[in-house]
Each structure stands twice: as C-alpha cells, then as structure tokens.
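The exercises below are meant to be worked with the sequence and the model side by side. Try each task before reading its solution.

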Amino acid sequence: MSSASQSNLRTLSVAGVIAIVAAATGYGLAQLKLRPQAASEASAPGGKKVLYWYDPMVPQQHFPAPGKSPMGMDMVPKYADESVGAGAVGFKIDPAKVANLGLRIATATRGELASGVTATGTIDFNLRDVAIVQPRSAGFVQRVYGRAPGDIIPAGAAFADLLVPEWGGAQAEYLAVRRTGDPALIRAAQQRLQLLGMSPGLIRQIDQSGRARNVVTVTAPIGGVIKTLNVRSGMSVSAGETLAEISGLGTVWLNAAVPEAMAGQVQPGQPVTATLAAYPGETFSGRVTAVLPQAQVESRTLQVRIELPNRGGRLKPGMFANVQLTSTARPAILVPTEAIIRTGKRSLVMLALPGGRYQPAEVQVGQSGGDKTEILAGLSEGERIIASGQFLIDSEASLSGVQARPIGGGMTMPAPPTAAPKAAAGLAETTGHIESIGIDGVTISHQPVPAVGWPAMTMTFRVGHPALLKGIKKGDRVRFAFDQPASGPTLRRLSKEAGQ
C-alpha cells in the first residue's frame with residue numbers, strides 16, 4: 001500500500017473517533033437536560049402537573065426533581081391544582097390525605113357563655129365589725145371579771161368596775177337640784193352629768209335610787225371575740241384609754257387570691273360559693289364586697305374580699321377555703337377551645353370552605369368556659385371550622401403561601417343590585433345589636449356590610465369620640481357608620497334605631 005493511501009486511512013480513522021465522541025457527548029447532554037422533566041412527569045400520575053418537590057421537614061426549600069433531600073428525607077411533589085388559583089379562596093388538599101388526617105369539623109354557634117372564676121382564700125375577721133372599749137372618765141379599777149384575749153363573749157358582758165371620784169360631787173349636786181323641782185335647773189344638771197361621761201342609763205338609776213353612784217361597770221357593746229385586753233385590778237385608767245378590742249363574729253371575710261388575668265370577671269356584688277375542708281359536702285354562700293386596688297407582684301393576683309354569714313360561729317379565721325365566683329350567662333359566638341391556634345402574636349382558626357378548600361382566619365378571642373371559647377371578632381355565626389387536626393392543615397397553609405383572613409375581612413360576598421348607602425365619603429353603614437361596651441371599644445352583632453364585603457358577624461369597634469356612646473347601652477339596636485384606619489374599624493356615627 002502506498003504512503004498516500006496509508007495517510008488517508010489514518011485521517012478517516014481519526015474523523016470516525018471524533019464523530020463517535022461527539023455523538024456520545026450530545027446524547028449525554030440531552031439526557032442531562034431531559035432527566036428532571038422525565039422524572040417529574042413520571043412522578044405525576046393522572047396527568048397532574050408537578051410544580052416542584054420539597055422536603056416535608058423543610059417545606060421552604062424547593063427542588064426540580066425527586067430524590068433525597070439534604071436532610072435525607074424522601075421529597076414529595078407539590079401539584080399545580082393544590083395552589084391558590086386566580087380568584088380562588090384558600091387552598092385545596094387531596095381528599096385522600098384529608099381522610100387520613102381524621103379532621104373533625106365544628107360550626108361557630110351563638111350560645112350563652114357562663115363564665116366563672118375558681119380561686120383559693122382564707123377566712124379572716126370582718127374588720128368592719130370591731131368595737132373598742134374605753135372609759136368615759138378617769139378612774140381606778142376596783143374589780144375585773146376574769147376575761148382573757150380569745151374569749152367569746154355576748155353583748156353587754158362586763159369587763160371591769162371603775163371608781164370615778166369626780167362623779168360623786170356632781171351626782172350629789174344633781175340630787176340636790178332635783179329636790180328644788182325647778183325643771184330648768186334639773187335639765188342643766190343632767191347635761192353636766194352627761195358631759196362628765198355618765199350614760200343616760202346611769203342617770204336614770206340615780207333618779208330611781210336617789211343615791212349617788214360613782215362606781216360604773218364597763219361592758220362590751222357587741223358580742224364577739226376579745227382581740228386585746230388591757231385592764232387589770234387596781235390599775236388607774238384615763239378617759240379614752242383603750243381597755244379592750246372586740247371583733248364581731250356575725251359575719252366573716254373570705255380573702256381570695258384571683259389571678260390577674262381573670263380580674264375583669266370579678267365585680268362587687270357577685271355571688272360566691274365556698275367549700276371548706278372542715279365541713280366536707282357543705283357549701284357556704286356569700287357576695288363579693290370589694291376588689292382591692294393593689295395586685296400582689298410576686299403571685300400576680302388580686303385580693304377579692306368576700307363576706308360570708310357565720311351562723312353559730314362555725315367559720316374560724318385562718319381556715320382555708322376553695323372559692324367559685326359565678327357570673328350571669330351572656331350571649332356570644334362560641335367555638336371549641338381546641339379549634340383555636342395560638343401563635344403567641346395572634347389567634348387563628350382554620351376555616352372549612354365549600355369545595356374542599358381551607359383557609360386560616362385571624363380571630364379575637366374572649367373568655368373561655370368549659371370546652372368553649374368566645375369569639376369577639378373575626379368569625380360569624382354558622383361558619384365551619386376545623387376542630388381537630390388543624391395544626392397539620394395550618395402547616396399546609398404555610399406551605400401553600402396562603403395568607404390568613406384578617407379580622408373584619410369576612411367572607412367574600414357578591415354585591416347586591418343596589419348597594420347600601422354610605423353615611424359619608426369613606427364610611428360604611430349598617431345596623432346591629434350592642435353586645436357589650438368596654439374600655440377597648442363597643443362589641444356589636446351587625447348585619448352584612450356590602451359596602452366593604454363583610455357578612456353578618458360579631459366584632460369589636462373602636463370609638464372615634466366618647467360622645468358617640470351618650471345614651472347608648474347594652475342591648476340597644478343601633479345604626480352606625482365606620483371607617484377602617486390602620487388602628488382598626490372605628491365608629492364615626494352611632495345612634496339608636498327608630499322605635500326604641
């Protein structure tokens with residue numbers, strides 16, 4: 001073979017090798033470009049379109065193809081029909097997944113919430129029922145009657161006999177004046193005896209006996225227990241000196257420590273029942289007489305003073321008691337307490353919308369009673385919410401990027417053919433029923449407000465000016481207009497409906 005032929009053969013061989021390498025490289029690049037798409041399509045049965053793959057433990061990270069996440073978890077697909085479409089509310093979850101979660105649906109209902117506060121307390125003396133025993137004149141103690149602190153005595157019990165020397169001369173002069181028969185002089189002499197500290201009863205005894213009495217018996221003005229006793233035989237006493245202190249036992253105080261968070265539920269005059277370990281199975285009834293103005297810093301409690309009848313003196317100061325403070329039931333929008341998701345910054349419920357869709361909604365919660373919690377705003381009567389499994393649905397809402405419905409947002413409602421007139425530019429107007437009036441605003445159960453797309457619901461409005469509340473009370477049917485500044489829905493006009 002000639003050298004020219006050998007050269008041509010080598011050239012053809014090199015060209016063939018280059019062609020084979022190029023073809024293999026092109027095939028590999030094509031496979032690399034198509035692999036994610038093929039993997040996605042293969043993992044989307046039923047023709048569903050996969051938007052991305054994600055790690056259930058870190059749903060914020062998105063991946064273009066299935067496999068293992070950086071944390072070693074199997075990634076799961078996110079389908080297009082699970083996202084919020086144009087004009088759609090909330091998000092949708094595969095019915096099979098919902099069935100596996102075992103969701104329980106509840107309905108927001110209007111009912112009566114009987115609030116109550118449970119606390120503990122101790123029995124104490126009624127410090128409004130205290131008597132101080134004092135002599136009206138200076139004298140000397142001739143006799144004592146064997147009393148001691150802690151003794152329980154009846155009203156009129158004797159403490160001591162006092163000799164009052166200055167009374168002798170005054171009483172002798174009074175008896176001499178009486179013998180004159182002059183009414184004016186007799187009245188003047190009687191007044192002098194009273195100014196010297198003699199009681200009307202003692203003066204009557206002098207009149208009846210016709211003899212001077214300069215020894216007087218000091219007695220207890222009320223029945224009760226002797227707290228202090230400072231009189232002994234032979235001692236001298238001055239006018240106004242405290243000889244004894246007596247605490248009555250007809251009623252006692254029960255001082256209860258109520259948590260600061262529940263202080264708003266306690267009012268003077270509120271009925272109370274108490275139970276004591278000393279008398280099992282027996283209840284004692286009383287009423288709140290005062291809520292003391294200072295909180296205990298260490299325990300974050302307020303002291304509530306309760307007055308209890310003490311028939312037979314059975315309630316002893318120092319006894320421990322359990323207290324139940326009850327209040328009247330009042331109408332409210334109620335949901336199961338377990339349905340509320342508390343994030344620390346706000347409270348949410350998970351709405352169960354028609355068509356198998358779900359949406360979180362922000363709510364303002366009130367008091368709780370039993371297994372029910374009051375909703376002040378953000379939810380209307382009849383709306384369906386998830387009562388169990390809502391935390392898993394809330395995770396799905398976060399994954400789908402669904403925003404919570406704000407308080408006052410309400411459900412989307414079509415506008416009626418004729419829109420309701422506005423009270424003024426920028427104001428929306430409707431009618432409602434006053435549920436409560438507080439320092440934070442006015443809670444109103446109102447009719448739909450088509451001007452802002454709100455359904456009928458119960459919510460709290462701020463008050464633009466205190467004068468708006470003049471003559472308005474709980475239970476009134478009112479017509480009102482409001483706007484929505486950054487601080488929240490605020491009343492600008494408020495008046496009673498005609499006929500009230």
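**Exercise 1. Are Phe480 and Phe482 buried or exposed, and which aromatic cluster do they belong to?**

Solution. Begin with accessibility: Phe480 is buried, and Phe482 is buried as well, where buried stands for under 20% relative accessible area, exposed for over 50% and partly exposed for what lies in between, with a 1.4 Å probe and protein chains only. This is a predicted model, in which local features need pLDDT of at least 70 and side-chain atom pairs count only at pLDDT 80 or more, while totals for chains, interfaces and linings use all residues. Residues are numbered from 1 along each chain as its sequence is written, and side-chain values use heavy atoms, with hydrogens and water left out.

Next, look at the rings, remembering that rings of Phe, Tyr and Trp (its six-membered ring) pair if their centres lie within 6.5 Å, and that planes under 30 degrees apart count as stacked, over 60 as edge-to-face and the rest as tilted. By this rule the count comes to four aromatic pairs. The ring centres of Phe461 and Phe480 are 5.2 Å apart with their planes at 65 degrees, so this pair is edge-to-face. Because Phe461 lies in strand S29 (residues 457–463) and Phe480 in strand S30 (residues 477–483), the pair ties together parts that are 19 residues apart in sequence; strands (E, at least two residues) and helices (H or I, at least four) are DSSP runs numbered from the N terminus. Both Phe461 and Phe480 are buried. Phe480 also forms a tilted pair with Phe482, at 6.0 Å centre to centre and 35 degrees between the planes. Together, Phe461, Phe480 and Phe482 form one aromatic cluster.

**Exercise 2. In what order do the four strands of the open sheet run, and which are its edge strands?**

Solution. Two strands pair if DSSP finds at least two bridges between them, so each neighbour can be checked in turn.

- S9 (residues 139–144) and S14 (residues 236–237) run antiparallel and are joined by two bridges, and the partner of Phe140 in S14 is Ser236.
- S9 pairs with S11 in the antiparallel sense over four bridges, with Val144 opposite Ala160 in S11.
- S11 and S12 pair over five bridges, again in the antiparallel sense, and Asp161 has Thr217 in S12 as its bridge partner.

The order is therefore S12-S11-S9-S14, with antiparallel pairing. The edge strands are S12 and S14, each of which pairs on one side only.
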